[in-house]
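This report describes the fold of the two chains shown below and the contact between them.

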Amino acid sequence: MLKLVHAIISRDLRLAMRRRADIVSALFFFIIVVSLFPLGVGPEPELLRKLAPGVLWVAALLATMLSLPRLFADDHRDGTLEQLALAPQPLGLIVLGKVVAHWLVSGLPLALLAPVLGLQFDLSSDALWVLSSTLLIGTPALSGIGAIGAALTLGVRGGGVLLSLLVLPLYIPVLIFGAGAVDATVTGLGAQAHLSLLGALTLGGVFFAPWPTAAALRIALD
Amino acid sequence: MLEVSRLECVRGERSLFAGVGFRLDGGEMLYLQGRNGSGKTSLLRILCGLAQPAAGEIRWRGTTIDTLGEDYRRELCYLGHHNAIKEELTPLENLLASARLADEALDEGAALEALEMVGLAGREDLACRYLSQGQKRRVALARLVNERRALWILDEPYVALDAAAIELVAGLLGAHLQRGGLVVLTTHQAVDVAAGTVRQLRLG
């Protein structure tokens, strides 16, 4: 079973490496959206410090949304999804592999990039560190929950917009606890509780989401 | 081995076919015919378990395929309308990846041999998007060379192929039937296989 998950992760990573423009454009979107805020609201350190967690997290949500529609669409178009659905293993495991691969090329780079962007908001090194960890812990949940939406809107005309309407509300808890953790650090309350809740959301998102996703994919294929 | 009874398929409001039934044993091939839109592809997808029939049941070795689930899929090889190959990957990578995902042991040597057999020698390391339609179909068909699963379900395997490749596929089908395998296929071309019994079913 692990062999299968490994096989799908390595295949998807290889495909992503052959199509680097997709990854890079989502990252640049993240960089630009975050950088627009200091330019727009003016250089007041107090205000920027207050805004930073929310801005970075919202930008991360939007950047994740950019790559979600293609999670299953390409496999659906070229017939690979049918073959995956006919593999002699549970489809949920295959989805799990695809979610992990999606996180490695979308969530992980965001988390690594965030501290650098956080500097524009005059965040302390403590807060930058927490910001990066919240993204590291929280973004897998975004890929997991997003997979359900991507499967439900597969093959639907104008599915991209529908996908955002479906998935963004479900991202709210992740946003609250992710941004809240950085806020709590800035105000000196400690981020422990927020990080634990974020971890729980991720575990739930990554390990439970593949099963409804698999069911939705089977419906899309019927 | 494969028994189908009173199968009915409804697409939208329209009934495509009803009361379809047949029985297929080892070494037999079912040649599915019918005009465009008569439900050939739908029937094949139902046989695979990808789509659900409106009525009727499909039994494999005496048990319904819904009950068998993964055990049925382990004995099934489906080649659909689409080639199921990734344009960004090379033919070799495609072949190895699909074998790994289907939980089959296929080493690089065997994969290269299969590609050579379908006439893609020298193209192994070229991304599939640079191949022609017929060559892409050949990549998809290379899966069949080392395929030892019992039931092959092939949707228009001859599409976009030249005469030499059609002969090659007919050879692969003949060898499979000789091993006691089963084949269900649709095609608009004449099929000419050396071994096995060929049954015909006309839809619509």
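What share of the contacts in chain B with a separation of 6 or more comes from residues 24 or more positions apart? Such residues account for 67% of these contacts, two residues being in contact if their C-beta atoms, placed from the backbone, lie within 7 Å. The model is a predicted one, in which local features need pLDDT of at least 70 and side-chain atom pairs count only at pLDDT 80 or more, while totals for chains, interfaces and linings use all residues. Residues are numbered from 1 along each chain as its sequence is written, and chains are lettered from A and ligands numbered from 1 in the order in which they are written.

## Overall dimensions

Chain B contains 7 helices and 9 strands; helices (H or I, at least four residues) and strands (E, at least two) are DSSP runs, numbered from the N terminus. The radius of gyration of chain B is 17 Å, close to the 17 Å given by the globule rule for 204 residues, so chain B is as compact as a globular protein of that length. This radius is taken over C-alpha atoms, and the globule rule is 2.2 Å times the number of residues to the power 0.38.

Chain A has 12 helices and 0 strands. For its 222 residues, a compact globule would have a radius of gyration near 17 Å, and the 18 Å of chain A agrees with this. In chain A, residues 24 or more positions apart supply 80% of the contacts with a separation of 6 or more.

| Chain | Box, roughly |
|---|---|
| Chain A | 55 × 30 × 30 Å |
| Chain B | 50 × 35 × 30 Å |

Buried residues make up 47% of the 222 residues in chain A and 42% of the 204 residues of chain B. A residue is buried if 20 or more other C-beta atoms lie within 10 Å of its own, exposed if 12 or fewer, and partly exposed in between, with C-beta atoms placed from the backbone.

## The antiparallel sheet of chain B

In chain B, 4 strands form an open sheet in the order β2-β1-β4-β5, with antiparallel pairing. Two strands pair if DSSP finds at least two bridges between them. At the edges stand β2 (14–24) and β5 (63–64) of chain B, each of which pairs on one side only. Helix α1 (residues 40–48) of chain B packs on this sheet, where it touches β1 (2–11), β2 and β4 of chain B. The direction of α1 makes about 125° with that of β1(B); axes are lines fitted to C-alpha atoms, for helices over the stretch in contact, and angles run from 0 to 180 degrees between N-to-C directions.

Strand β4 (residues 55–60) of chain B pairs with β5(B) in the antiparallel sense over 2 bridges. Here B:W60 stands opposite B:T63 in β5(B).

## The parallel sheet of chain B

An open sheet of 5 strands in chain B has the order β6-β7-β8-β3-β9, and its pairing is parallel. Strands β6 and β9 (197–202) of chain B are at the edges with a single partner strand each, so one side of each is left without a neighbour in the sheet. Neighbouring strands of this sheet are turned by 15° against each other on average, direction ignored.

Strand β3 (residues 28–33) of chain B and β9(B) pair in the parallel sense over 6 bridges. B:M29 stands opposite B:V198 in β9(B), and the bridge partner of B:Q33 is B:R202. Of the 6 residues of β9(B), the number buried is 0, so β9(B) lies largely in the open.

Helix α7 (residues 163–178) of chain B lies across β3, β7 (151–155) and β8 (182–186) of chain B, and runs at about 145° to β8(B).

## Helix α5 of chain B

Which residues of helix α5 (residues 108–117) of chain B are buried? They are B:A111, B:A114 and B:L115. These residues cover an arc of only 100° around the axis, which puts them on the same side of α5(B); the arc is that of the directions from the helix axis to the C-beta atoms. The buried residues of α5(B) pack against α4 and α6 (133–145) of chain B. Just after α5(B), B:G119 takes a positive phi of about 85°.

## Contact between the chains

In the interface, 24 residues of chain B are in contact with 21 residues of chain A. On the side of chain B that touches chain A, the elements giving two or more residues are α3 (70–73), β6 (76–79) and α4 (91–101) of chain B. Helix α4(B) gives the most, with 4 residues.
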